[in-house]
2 protein chains.
Amino acid sequence: MTAPLFEAIPNFSEGRDRGKISRIADAVRAVSGVRLLGLHSDPDHNRSVLTFAGEEDAVFSGAVVLAQACASELDLASQTGEHPRIGVLDVLPFVPLEGATMDDAVRLARRTAEILGSLGFPAFLYGAAATASYRRDLPDVRQAGYEGLAGRLQDPLWRPDYGPPALDPRKGAVAVGARPFLVAFNAFLDTDDVEVARAIARRVRESGGGLRAVRALGFAVGGKAQVSMNLIDLEQTPIPVALEAVRSAAAELGASVESTELVGLAPLAAILDTVRYYLGLRELGPDHVLETRLHEPPDA
Amino acid sequence: MTAPLFEAIPNFSEGRDRGKISRIADAVRAVSGVRLLGLHSDPDHNRSVLTFAGEEDAVFSGAVVLAQACASELDLASQTGEHPRIGVLDVLPFVPLEGATMDDAVRLARRTAEILGSLGFPAFLYGAAATASYRRDLPDVRQAGYEGLAGRLQDPLWRPDYGPPALDPRKGAVAVGARPFLVAFNAFLDTDDVEVARAIARRVRESGGGLRAVRALGFAVGGKAQVSMNLIDLEQTPIPVALEAVRSAAAELGASVESTELVGLAPLAAILDTVRYYLGLRELGPDHVLETRLHEPPDA
């Protein structure tokens, strides 16, 4: 039995400057016990998603180092991009992996938010780590971005959980959360009309009465309209169900999905669910995958 | 660097008697260094597929023990079933896995065929291990099953590569081969009319001018017509291409595919190809799979 593992999937507000992005990622990589699993930078959103994993103390240290690197490399006041954002280290979710429970991830999130607060970041807990139900959903925490949050900070209901109750315009605030594994999945349309992507997003997302545990926004990315989705609970809505809903909404609007993109990682179970769905397989588990079987420990 | 690994995927002619099947599988499992990866028994075909892997000497020993167990447990003369068969240990292919080449697998096949010959099994080499081009394709070797082979044995062109040039009616012959990884994939139709399955099989298989590297037969299994496919080179025809051909041929005949079944194992690459195909993903590699990344050795 190994120690419980956690994943952190911070989003930071720089997707263009390769030098800054590398220095931020390298600072995290240098932390002992941290395994860097992914780095996805999006110049249009001007935003990067870093994925790293490890045991609790390693992931905690990686998050602290990351916050310091974002504060020294980035300046929110001069940042522009498609995506709503509240800070240089914008969102910092923790996910329980092997051996860890959601309660463990909540404890890690709160411990991290506390130290980020002491470093001058107003820190808002969200997801399973939220301290009030109206702060549970990330979209509510970051509604209208930095500017919206700046206005809400005067409201006693929107005091940060940790840190100063005022925003430093260079670094902004940070949302620190605990949540299940999330799959970020984008569909590129055969049109450059971003309104089509927005209409599809409104139709498929939970907040529009669409699919449960699906968040969606429409963007223009690389000359194509893109429906950008977060599937926040794959047991409620798996990848193929989300994509087929987008395909069918697109068809009704005279558009179609040209290609898709998986941002970051997906659990093997989500990959196998997708195969099972499209092939109509009676069953398909990790035990059907050659590599899983070759490398698992021998029978006792 | 670990030693080269091989897989053996023997098919033996018993799919109904759980006691006999277990004793045969247990004999192989008991061989040191052998990892049993799968056992799939089909009562209709009255046939089982065993999958095991390991280093060369372990897989060789497993195959010898298997042949002896089949000879002592089974009697071909009293065996009946849907599938053409030539012996109790019917087909014994070897596949090169990590670190092994096809030449390595050919050497292992020939070494095994030689010792099975000395144990009284007429052994026919096929696939990459074949000693003549007309014996390369497994369907040619086992054409018309035991009865057909019994007739052909008088022909000097059909002398076995090893073993006696006459058939013991209790154990029959064995085809020993080397080949790339094969995926066995079955589609169940919404009809019990086996002729529909046979018509689809004729249309999609390579021998009928259909898809390259696809073998297909139509069967009646569990009250449903089934198109049973072997995809013998996934680079030429991946799983989704084969299934879509079956779906489209079925539609033309007024039928449809109700469900599918993967027999044995599939390599992760084939799983990811399937997801990429149906989702229209721009890219998807093992590095996108969480479990692959969590358990790989750390960066140097």
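This is a predicted model: local features need pLDDT of at least 70, side-chain atom pairs count only at pLDDT 80 or more; totals for chains, interfaces and linings use all residues.

I looked up the strand order in chain B and found an open sheet of 4 strands, S9-S10-S8-S11, with antiparallel pairing. Which strands stand at the edges? Strand S9 (214–221) and strand S11 (257–263) of chain B do; each has a single partner strand, so one side of each lacks a neighbour in the sheet. Neighbouring strands here are turned against each other by 20 degrees on average, direction ignored.

Entry 2, one strand pair. I followed strand S8 (residues 183–189) of chain B and counted 6 bridges to S11(B), the two running antiparallel. Opposite Leu189(B) I found Val257(B) of S11(B).

I traced helix H6 (residues 194–204) of chain B across S8, S9 and strand S10 (224–231) of that chain. H6 of chain B runs at about 180 degrees to S9(B). Helix H7 (residues 239–252) of chain B also packs on the sheet and touches S8, S9, S10 and S11 of chain B. The direction of this H7 makes about 25 degrees with that of S8(B).

I looked up who takes part: 33 residues from chain A and 32 residues from chain B. On the side of chain A that touches chain B, the elements supplying at least two residues each include strand S3 (35–42) and helix H9 (290–295) of chain A. Which element gives the most to that side? H8(A) does, with 7 residues. By type, I noted 23 nonpolar, 5 polar and 5 charged residues on this side of chain A.

Key. Residues are numbered from 1 along each chain as its sequence is written. Chains are lettered from A and ligands numbered from 1 in the order in which they are written. Two strands pair if DSSP finds at least two bridges between them. Axes are lines fitted to C-alpha atoms, for helices over the stretch in contact, and angles run from 0 to 180 degrees between N-to-C directions. Two residues are in contact if their C-beta atoms, placed from the backbone, lie within 7 Å. Ala, Val, Leu, Ile, Met, Phe, Trp, Tyr, Cys and Pro count as nonpolar, Asp, Glu, Lys and Arg as charged, and the others, Gly among them, as polar.
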